[in-house]
Amino acid sequence: MQECNRSQKIAICTVGLPARGKTYISRKLNRYFNWLGYKSRVFINGNYRREICGTECNSLFFDPNNEEAQKARSDCAKMALQDLIQFLKNGGDIGILDGTNITKERRHQIESDLKSSFNGIQTLWIESICNDSKVIQNNIRLTKINNPDYCNMDSEQATIDFLNRIKMYEQIYKTITDDEDLSYIKTMNVGADIIVHQVYGFLLSKVVSFIMNLHTYPRPIYLSRHGESQYNVDDRVGGDSDLSELGEMYADKLADFFNQEFPTKEIKNEIIFLTSTMRRAIHTSDVVAQKLEIQPLQLKTLDEINVGICDGMTYTEIAQKFPNDFQERKINKLGYRYPRGESYLDLISRIEPVIFEIERSRQPVMIIAHQAILRCLYAYFHQNEIPEVPTLDIPLHCVIKLTPAAYFCDEKRVMINPQTGEISIKEEYVQEFIRSKSKQKSFIDL
Amino acid sequence: MQQYKKTQNKLILVLVGLPARGKTHISYKLNRYLNWIGYKSEIFSIKGAQQNNDQLDQNIDYELEIDPANQQFVDVRQQLSFTAAHQLVNFLQNDGDIALYNGLTSTKLDRQKLKSLFKEKLKLEYQVFWIESICDDPQVILNNINESKLSRFKEKTIEQFMNQINVLAQDYESLENIENLSYIKLINIGKLVKVHMLEGYLCSKIVSFLLNLHANNRQIYLVRSCQTEYHLLDKIGGDPELSATGKQHSQQLGDYFIEELKGNKNITFFTSQMKRGIQTAEIVGDKLGIKALKTKNLDEIDYGICDGLTVKEIAAKYPKQIKERKANPLEFKYPRGESFLDVIHRVEPIIYEIERSREPVLIIAHVAVLKCLYAYYHCNQINEIPNIDIPINCVIKLVPIPYHCLESRVIIK
């Protein structure tokens with residue numbers, strides 16, 4: 001994996017009224033950083049407040065004139081910041097402070113606390129502004145679902161209370177101004193307008209690009225391996241073999257499946273269809289392409305992991321010829337690099353541009369590729385931890401449909417029998433998982 | 001992603017801004033970048049139209065000359081701006097992919113007229129993205145004038161330029177959201193950036209690229225890793241270690257850079273993940289007291305089935321491939337390996353890093369990779385890449401300056 005430039009600690013702080021997508025941005029960024037190999041963590045003001053003041057706070061708690069409550073909230077915010085600073089001091093690379101931070105005083109305090117705690121730290125402020133009531137309503141609906149504050153209220157009451165809470169914040173909200181001398185990014189109305197002020201540095205420049213392309217569109221991502229190949233039959237790794245007879249049958253049935261999945265010509269034309277430059281993937285894609293009358297883009301970036309000198313061997317042959325490597329790979333499948341080839345970490349690095357492209361797209365994405373590469377793609381969107389990547393189950397003759405949404409990722413697996421065309425479906429919802437995670441004060445990788 | 005370009009609509013990038021705001025510099029850099037990543041891109045400007053017109057006095061800067069009493073200048077400028085726009089339309093109607101326009105765009109009316117012209121004359125799908133450069137830092141403006149204007153118009157003084165610009169500034173209208181344009185505003189060379197209605201893969205890439213531009217003229221050093229066994233055996237590819245001579249040369253390289261960099265430890269230092277790259281970089285790095293960042297993006301081109309063979313063996317075993325490579329050296333892909341186009345794509349993130357860096361950049365890598373990096377700064381067309389000469393034991397020093405790139409080569413003995 002590419003060596004990360006770890007010279008400076010980075011602290012990122014959000015700014016904005018409730019239901020403006022701050023937590024969404026924090027989580028997405030956190031995911032992206034951890035994926036790139038950095039130690040990143042989010043510290044959520046709200047969770048500190050919940051833990052210390054309890055979850056039974058109604059909107060009056062947020063009245064700026066409620067002095068006692070103000071003090072309590074201020075103390076909680078200080079704790080979150082302190083934990084962030086500790087995290088960075090103990091080996092963390094990037095700390096993300098997820099809070100409203102809507103007053104100049106608060107921002108100034110945080111900025112000076114951060115600058116005084118470290119010899120050289122880069123700070124970045126991300127303000128999310130939104131005046132579109134539809135977007136806000138939608139965000140409230142989502143926030144409400146996951147928010148432990150409202151688990152005992154009925155839905156109508158909760159909405160009213162939340163809107164009142166926002167009104168309290170609005171009274172004292174001051175947008176970031178240039179005289180505060182902060183490095184900031186302002187994103188308005190989900191990226192329609194973006195302002196970048198004094199943002200420099202390798203990683204922060206990447207953050208800008210990332211934020212510019214962020215959206216909450218729930219578009220589906222279809223992942224499938226090529227049909228069974230000759231090498232699969234012979235149990236060999238690498239190579240550029242073509243499909244076996246069974247593999248060809250799968251390609252056919254896959255085309256039928258996608259034809260059903262995308263019923264109209266309009267929908268078909270919108271699909272972003274990607275494949276690799278290897279024969280088995282191209283062959284599979286061509287069959288699908290013909291049926292749907294669309295063209296795939298062949299990207300070398302999606303080629304299977306390069307197994308170097310082991311190319312064309314069976315696992316038994318590798319065990320015999322290179323017993324040390326075989327052992328090494330068993331112990332550290334993630335970091336082990338085939339001599340003259342790649343490791344899973346290299347793959348993760350290699351696919352970064354593709355991940356970026358998929359994040360950016362608001363249309364359905366269809367990818368026909370290979371096992372190792374799909375493990376990496378799947379892991380990113382399905383929010384698996386990196387060490388899990390090399391052992392994820394991505395079987396042949398199966399279409400995995402992922403629908404990443406704001407706080408979770410739905411998954412549906414469609415196993416297609418290549419001979420009979422029979423379909424069996426398995427669905428998974430991750431909402432409960434997210435609810436439990438959101439109760440933690442901070443989390444490493446969500 | 002180069003393959004994306006085939007499905008891309010035509011793209012027009014329109015530059016907006018007062019003189020001495022770096023518009024030409026931005027258009028030049030963007031044009032270079034877009035051609036490098038595989039698009040057919042060209043700049044259409046008042047200057048360009050003027051240079052193509054023999055009947056005009058080439059000593060007059062029609063962009064700047066403004067004498068409200070002299071209607072003739074105003075008319076000529078309009079004409080040139082118009083001509084450039086027509087040439088642009090022609091270019092896109094044929095096989096051009098991206099056109100950059102540097103003409104009359106300072107008022108809302110100018111921009112409306114331009115939009116209408118495109119709508120009327122372009123008979124295919126296209127997208128327009130507006131790039132405005134704003135500057136209120138007098139020092140920066142002064143530098144711009146010094147570097148770009150004075151050389152062309154030697155009879156003028158700086159005061160004259162500033163006065164003319166101030167006159168033009170009175171009628172200048174910055175881009176506004178109500179004009180319903182997709183734009184980026186770069187203020188004081190990226191200190192503040194505003195983006196409005198950004199759409200599409202290519203515009204997104206262009207914005208990322210623009211965010212990294214700056215006006216520092218810093219040096220870029222390109223060096224090959226030193227001698228290995230494979231060199232002596234005339235083999236290509238592989239992952240061999242440095243020979244004893246190679247290690248010696250690396251020491252000398254280190255000494256050269258000690259003098260050259262004069263103790264500057266803030267340089268951007270990259271190498272590949274191949275043994276010869278790492279070893280050379282370690283020896284040089286030790287002398288300088290800095291560590292190189294190792295990235296697989298700088299690894300040598302993958303020679304596929306030809307990896308580890310000598311040139312003679314390849315000629316004997318794969319005569320068909322040799323023929324193919326001769327016919328089209330840029331796009332030729334070694335079977336199970338890469339082509340130069342793949343390398344360009346792979347090396348693109350490094351270009352971003354180089355552009356972003358305001359300190360000197362030192363890259364220790366390999367022939368094919370360096371050819372691609374070099375081409376970004378020097379070649380106008382990427383099909384020149386296979387013929388670029390990158391000798392071993394030679395430090396190529398590039399210093400990009402406005403509209404140009406200085407080069408010097410030093411052989412290390």
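# Chat on a predicted two-chain model

Trainee: What does the side chain of Ser45(B) reach?
Mentor: The backbone nitrogen of Gly48(B), at 3.0 Å from the side chain of Ser45(B). Keep in mind that this is a predicted model.

Trainee: Where is Ser45(B)?
Mentor: In strand 2 of chain B, residues 41-45.

Trainee: Buried or exposed?
Mentor: Ser45(B) is buried, since its relative accessible area is 13% and the cut-off for buried is under 20%. Leaving aside neighbours within four places in sequence, Ser45(B) contacts Ala84(B) and Asn102(B).

Trainee: Where does His226(A) sit?
Mentor: In the loop between strand 7 (221-225) and helix 8 (230-234) of chain A. His226(A) counts as buried, at 3% relative accessibility.

Trainee: Which side chain makes a polar contact with that of His226(A)?
Mentor: The side chain of Arg280(A), at 3.3 Å. Beyond four places in sequence, the residues in contact with His226(A) also include Tyr250(A), Thr284(A), His370(A) and Leu396(A).

Trainee: And Glu304(A), where is that?
Mentor: Glu304(A) is in the loop between strand 9 (297-298) and helix 12 (315-321) of chain A. At 16% relative accessibility, Glu304(A) counts as buried.

Trainee: What does Glu304(A) touch?
Mentor: Not counting residues up to four places away, the list is Met278(A), Arg280(A), Glu342(A), Arg350(A), His370(A), Gln371(A), Ala372(A) and Ile373(A). Arg280(A) and His370(A) are also among the contacts of His226(A).

Trainee: Which residues are listed for "binding site"?
Mentor: The unreviewed UniProt entry lists Arg225(A), His226(A), Gly227(A), Glu228(A), Ser229(A), Gln230(A), Tyr231(A), Asn232(A) and Arg280(A). These are spread over 56 residues of sequence but cluster in space, with a largest C-alpha distance of 14.0 Å.

Trainee: Take Gly227(A). Buried or exposed?
Mentor: Buried, with a relative accessible area of 0%. Gly227(A) is in the loop between strand 7 and helix 8 of chain A. Among the residues in contact with Gly227(A), beyond four places in sequence, are Asn232(A), Gly247(A), Leu396(A) and His397(A).

Trainee: What about Asn232(A), where is that one?
Mentor: Asn232(A) is in helix 8 of chain A. Asn232(A) is partly exposed, with a relative accessible area of 27%. Outside four places in sequence, Asn232(A) touches Arg225(A), His226(A), Gly227(A) and Leu396(A).

Trainee: You mentioned His397(A). What is phi there?
Mentor: Near 60°, a positive value in a residue other than glycine. His397(A) lies in the loop between helix 16 (371-382) and strand 11 (398-404) of chain A, and is buried at 9% relative accessible area.

Trainee: And phi of Glu293(A)?
Mentor: Positive, about 60°, although Glu293(A) is not a glycine. Glu293(A) is in the loop between helix 11 (279-292) and strand 9 of chain A, and counts as exposed at 56% relative accessibility.

Trainee: Back to chain B. Where is the kink in helix 13?
Mentor: At Glu348(B), shortly before the proline Pro349(B), and the kink is about 40°.

Trainee: Which residues have the most contacts inside the largest nonpolar core?
Mentor: Ile363(B) and Leu373(B), in a core of 149 residues. Another core lies apart from that one, with 39 residues, including Val14(B) and Leu168(B).

Trainee: What is Leu373(B) in contact with?
Mentor: Leaving aside neighbours within four places in sequence, Leu373(B) contacts Leu222(B), Leu298(B), Val347(B), Ile350(B), Ile351(B), Ile354(B) and Ile363(B).

Terms used. Residues are numbered from 1 along each chain as its sequence is written. Chains are lettered from A and ligands numbered from 1 in the order in which they are written. This is a predicted model: local features need pLDDT of at least 70, side-chain atom pairs count only at pLDDT 80 or more; totals for chains, interfaces and linings use all residues. Side-chain values use heavy atoms; hydrogens and water are left out. Helices (H or I, at least four residues) and strands (E, at least two) are DSSP runs, numbered from the N terminus. Buried means under 20% relative accessible area, exposed over 50%, partly exposed in between (1.4 Å probe, protein chains only). Contact means heavy atoms within 4.5 Å. A polar contact is a pair of N or O atoms within 3.5 Å; within protein, one must be able to donate a hydrogen and the other to accept it, and residues adjacent in sequence count only if both atoms are side-chain atoms. The bend at a residue is the angle between axes fitted to the seven residues ending there and the seven starting there. A nonpolar core is a set of buried Ala, Val, Leu, Ile, Met, Phe, Trp, Tyr and Cys residues joined through side-chain atoms within 4.5 Å. UniProt positions are given in the numbering used here, feature names are shortened, and annotations may be inferred rather than shown by experiment.
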